[in-house]
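Welcome to my notebook. I opened this structure to get to know it, and here is what I looked up along the way.

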2 protein chains.
Amino acid sequence: MRLSELFTKTSKTVPADETAKNAQLLIQAGFVHKEMAGVYAYLPLGLKVIENIKQIIREEMNGLGGQEFIMTSLQRKELWEKTDRWDDNKVDIWFKSKLKNGTDVGLAWSHEEQITEMMRNYISSYRDLPAYVYQFQTKLRNEIRSKSGIMRGREFLMKDMYSYTTSDATHQKFYDESIKAYQRVFERIGLGKQTYLTFASGGDFTQFSHEFQTITDAGEDVIYLDRSKKLAVNQEVLTSEVLEQLGLKRDDLEEVKAAEVGNIFSFGGAKSEQLGLYFDDEAGHSRPVILGSYGIGVSRLMGVIAECFADDKGLVWPEAVAPAKVYLISLGNDPNVVKAADELYKRLTESEIAVLYDDRDVRAGQKFADGDLTGVPYRIVVSDKTTLTKKHELKPRTSDKTSLIDTNSIVKSLTDK
Amino acid sequence: MRLSELFTKTSKTVPADETAKNAQLLIQAGFVHKEMAGVYAYLPLGLKVIENIKQIIREEMNGLGGQEFIMTSLQRKELWEKTDRWDDNKVDIWFKSKLKNGTDVGLAWSHEEQITEMMRNYISSYRDLPAYVYQFQTKLRNEIRSKSGIMRGREFLMKDMYSYTTSDATHQKFYDESIKAYQRVFERIGLGKQTYLTFASGGDFTQFSHEFQTITDAGEDVIYLDRSKKLAVNQEVLTSEVLEQLGLKRDDLEEVKAAEVGNIFSFGGAKSEQLGLYFDDEAGHSRPVILGSYGIGVSRLMGVIAECFADDKGLVWPEAVAPAKVYLISLGNDPNVVKAADELYKRLTESEIAVLYDDRDVRAGQKFADGDLTGVPYRIVVSDKTTLTKKHELKPRTSDKTSLIDTNSIVKSLTDK
């Protein structure tokens, strides 16, 4: 994409109403727009990052046998009453509204109840199981405060998956596979090293649930991690019994701030009993379906990536989620330079290498600064100097080393990556 | 996809609470799930149709120079007060809620105000124009009644595009191009013949706006069309003056029911003045930006397609939007048949032909009935008879003619299409 055509602009001014680094940088770089506190629109470059993250998650969920669909934002009160989660004293982050006839409706902050009730249409026998379903869906949560930028929004994008199985054993097998799939997701988007499988409290049905926590000072959680074992425990389960059970020693644990980027949870048969989701087993006995729930905060991940990798020059995107691979700068208006840059842009684009082409009529300094702020993995400069040698200047975003390299070699090295 | 693994099921029972054919069939075939009146979830097959429609629209909007992004569902009251559209007496389809601190928020039924205000961050000079932006976004509209299935939802998916230009002349040029792009969209998704460019009232700024109306008895509008000229007028502008102006004769017009699948609208500079979106022209004079708005009802289109093409056996999808190209049926459990069907499934899938493989252990009659109900363009049957001859039975959904044809020829004929 040519930046002369992109409608967004970068800004040198740090937004006065944002304290979170992720929101400051994402707004300055034109990736998001703040509609109100905790409510952000995703502009073209931001939407690209979101779609890249979604696609990685989608591939891994499909690999687990997950089937994608999408539920609704408007929800019926009755279902939430069945599980005693309609009352504002029980769930304090509801947005609610009313139909014209006065009927209460809720705006979705979760979909467990709705999906489980819907599954009654499709599950009646053990033959209908297992079923694994997931969606990417906007959730609305009426948070009192919202100061972490896109890391804790009142409106945010989540991937939520649900597993329906016949027994604790088949549930546990899928649950364990989902842990591995989640680890692949975080590895692929570039947060593998910083993200820890974390034991958290399990509620009524299991001793533990699991969180995936990414180490960052911008996180709102505190976890205790054993770096060598690549495991962590949440504050709420930090007891001697649990540590012994997990083979962890208190002295080996490090207290760090972290952001919860995913969680997985077992409900046993309890929620199915509340909502009436039963199946006939092979002996003809009616039993509640075993339910698991598996979330990943998609927009939060984008914020966490911004927090983890940004430097004093701006954003730094891992290649797999970056809005483009190359930030191409043409220096000056010399027709030879413009021609060479246009040709390189065409060649890279034809080679399916995504390029942000800074063809704007602005100072060189602004192009360099905006390239850094935007955080695209590679910068290429075409100038009168490089045009003479037919070699272009290539520099990774995270290094100061430049190399002079011809078009064919650039295409080859960026395609191999 | 193997139907033995798909979690949805077909149903023989017509849903008692649905009067609209589109909703009845889409629910029976497992494409959508009704959460409440006018509020539908999109199950795997339904989501595929939606994504196919979106992709066609996306390609055409990108072809116009449109840049995709996504706004928010939660909206501030103040913006809507500036254009006098917050009051329930002015806009009677609001869903509203409140933040914890009591601040009113609206749930998006439109985004013109939000996007136009946001553009103040990016537009200040004629050099920043034109800008064309669009999104696919869920809209919430608090309709009193909702009886047309997914054709008029309380929650539905829309593509909305906005054009920002410096002058009426550049606006008009883009407006005319958008008419052509819209016609290509309806042509590509299979509704070209039934869809008419329709003159409607233009509001304060222009004499006309334009609608795209698809002829269907399920439509809620009445239009007057001249089939030979491929033009129509809406009831509200059916006057002798208008007919004369458009070169139409009252006697040539046919009154038909139709569904509005798209509309385009010019706002002139008025909305920009209300929201403070000005630019400096080349002479340095501050002028309001000229705004146009361009909608397509994505989920409505899916309903209209269902209404237009369904027959007494079920849904009929045009190839470009169908959830798959082939409905593959294996008859019986003979290992040779299963093997041949498995091999054909693999071969088609590898050739990037999307297949619904009915490998379920159910009666032949149910497979045939479900194949018809699902409405996939081609049915292929593998049986002990076809296995002997190494030819499979191919039948288009809209014809009774079957042909016996070998695997290579099937792949070739379906890939060429």
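**A note to myself.** This is a predicted model, where local features need pLDDT of at least 70 and side-chain atom pairs count only at pLDDT 80 or more, while totals for chains, interfaces and linings use all residues. Residues are numbered from 1 along each chain as its sequence is written, and chains are lettered from A in the order in which they are written.

**Entry 1: where the chains meet.** I listed 41 residues of chain B in contact with 41 residues of chain A, contact being C-beta atoms, placed from the backbone, within 7 Å. Among the elements of chain B that each supply at least two residues to this side are helix H2 (44-63), helix H4 (112-118) and strand E7 (131-140). Helices here are DSSP runs of H or I with at least four residues, strands are E runs of at least two, and both are numbered from the N terminus. Of the interface residues of chain B, 100% are also interface residues in chain A, so the copies meet through the same surface.

**Entry 2: chain A as a whole.** I counted 12 helices and 21 strands in chain A. Its C-alpha atoms fill a box of roughly 80 × 60 × 45 Å along the principal axes. Of the 417 residues of chain A, 49% count as buried, meaning 20 or more other C-beta atoms within 10 Å of a residue's own; exposed means 12 or fewer, partly exposed in between, with C-beta atoms placed from the backbone.

**Entry 3: a look at H9(A).** Which residues of H9(A) are buried? I noted A:Ala340, A:Ala341, A:Leu344, A:Tyr345 and A:Leu348. The buried residues of H9(A) pack against several elements of chain A, including strand E19 (378-382) and helix H12 (407-416). After H9(A) comes A:Glu352, whose phi is positive, near 60°.

Terms used
Contact = placed C-beta atoms within 7 Å.
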